[in-house]
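Here's a quick tour of one protein model, with a metal site, a helix and a pocket as the stops. Have the structure open as you read.

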Amino acid sequence: MTQRYCYFCYICVMEVIQTYKYKLKPTTQQANLLDNWIGTCRFVYNLALDCKIQSYQKGVRLSKYDLMKQLPGLKEVEWIQSVPSQSLQNVIERLDVAYQKFFSGGGFPKWAKRGEYNSILFKSVSQTATGFVLPKVGQLKVFKDRMPTGKLKTAIIIKESNGYFMCVTFGIESKNLYPTDENQVVGIDMGIAHFLTDSKGCYVENPKYTKKYQARLRVKNRSLARKKKGSGRFKKTKSELSRLHSKIANVRKDFSHKVSLKYVKENTLIVCEDLKVRNMIKFGNLSKSIADVSWSGFFDKLSYKSKLYEKRFVQVNPKFTSQKCNSCGHIAKENRLNQANFHCVSCGHQQNADFNAAKNILGEGIALNRQREAIACA
Ligand SMILES: [Zn+2]
């Protein structure tokens, strides 16, 4: 029997929310309808933003519920009427998220521009053998490679440079598909020289995608700069460039998926450092490399795959993990001779620095996991 932990431990989840992206095959009629609706949503977004700004100037603060209450009135307009109410409500929710970001230090919400505001959310969606059914749009066929069996939650239709896509969220029940021994545990140290080093002494090479694609990107960028803005050739090169960017993103994601699944399959407990990756990208000098290998995406995948397959994923404080001796516990800056080697000044223990760090990370993770289990069982 699988053991399930309490809600407070953040480890167990009965149902895992997972999003799948499909390419759509809409008919011309459906494409037109979706275009219209996305345009309407953009209009409503700007209208709501304007409403908020104006009422604020008059000293009134409108909440998202105040705005939602006004939606039925809008529905009397003929071309707004056809858009599903839940999609319009989501527009207000989106604006609310933009405001929350602003209140927590982000920029002020921007006006939704044509070409930038390019998606619409549906809350009632059902599944058929060849695709999905949306209210008023009807049956939408998809290029289907995988169809999970789970509870359908929402669908977002996105218009991209190379067609229409649909992101469908499913609530999938977690299952221990890859049972492993309780003692199969691993600590992972993310690196620059290698993508990662684990506490078993293995390392994964860094994928240098941008290097491989940089030459192609440079050629395309230069060729774009030579062309007249707005011309047919300009548009063609621009779409080629955006396809190249999405290709790079896909290759990156694929790598991240494969490596994370490998670790989740083979282990019961996976421990990583809790790096404030975003801050490192913003302020650190390692910015390019970290952005390149996209650590945060990797952690996200480890996290949701662990939930899905009932494994445990823990992130520990990275403080001292690289300066602590794994053999005697002595912490000193001097332990680190250089980037690659660890030599303890107290006990003389010598090891590859990343390997030493990965073992420290694992130790911290096991301790933290025990604490959480104790809380969960109490
Ligand atoms: Zn030592």
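## The zinc site

C328 has a relative accessibility of 39%, so it counts as partly exposed, and C347 is partly exposed too, with a relative accessible area of 39%. Here buried means under 20% relative accessible area, exposed over 50%, and partly exposed in between (1.4 Å probe, protein chains only). This is a predicted model, where local features need pLDDT of at least 70 and side-chain atom pairs pLDDT 80 or more, while totals for chains, interfaces and linings use all residues. Residues are numbered from 1 along each chain, and side-chain values use heavy atoms, without hydrogens or water.

The zinc ion's protein donors (N, O and S atoms within 2.8 Å of the metal, or 3.2 Å for Na, K and Ca) are the SG atoms of C325, C328, C344 and C347, 2.3 Å from the ion. The four donor atoms subtend angles of 108 to 111°, which makes the arrangement tetrahedral (four donors, all angles between 85 and 135 degrees). Along the chain, the donors are spaced C-x2-C-x15-C-x2-C.

## Helix α7

Take α7, residues 232-266: its 35 residues should span 51 Å at 1.5 Å a residue, and the end C-alpha atoms agree at 52 Å apart. The expected span is 1.5 Å times one less than the number of residues. Buried residues of α7 include F234, L241, I248, F255 and Y263.

## The largest pocket

The largest pocket holds about 950 Å³ of space. Its lining has 31 residues, with T19, Y20, K21, R146 and H257 nearest the centre. On a 1 Å grid, a pocket is an open set of points with protein on both sides within 12 Å along at least five of seven lines, where a 1.4 Å probe fits; lining residues have an atom within 4 Å of a point.

Conventions: Four donors count as tetrahedral if all angles lie between 85 and 135 degrees; four count as square planar and six as octahedral if opposite donors are over 155 degrees apart and all others between 65 and 115; anything else is irregular. Helices (H or I, at least four residues) and strands (E, at least two) are DSSP runs, numbered from the N terminus. Grid points are joined across faces, edges and corners, and a volume is the space filled by probe spheres set on the points.
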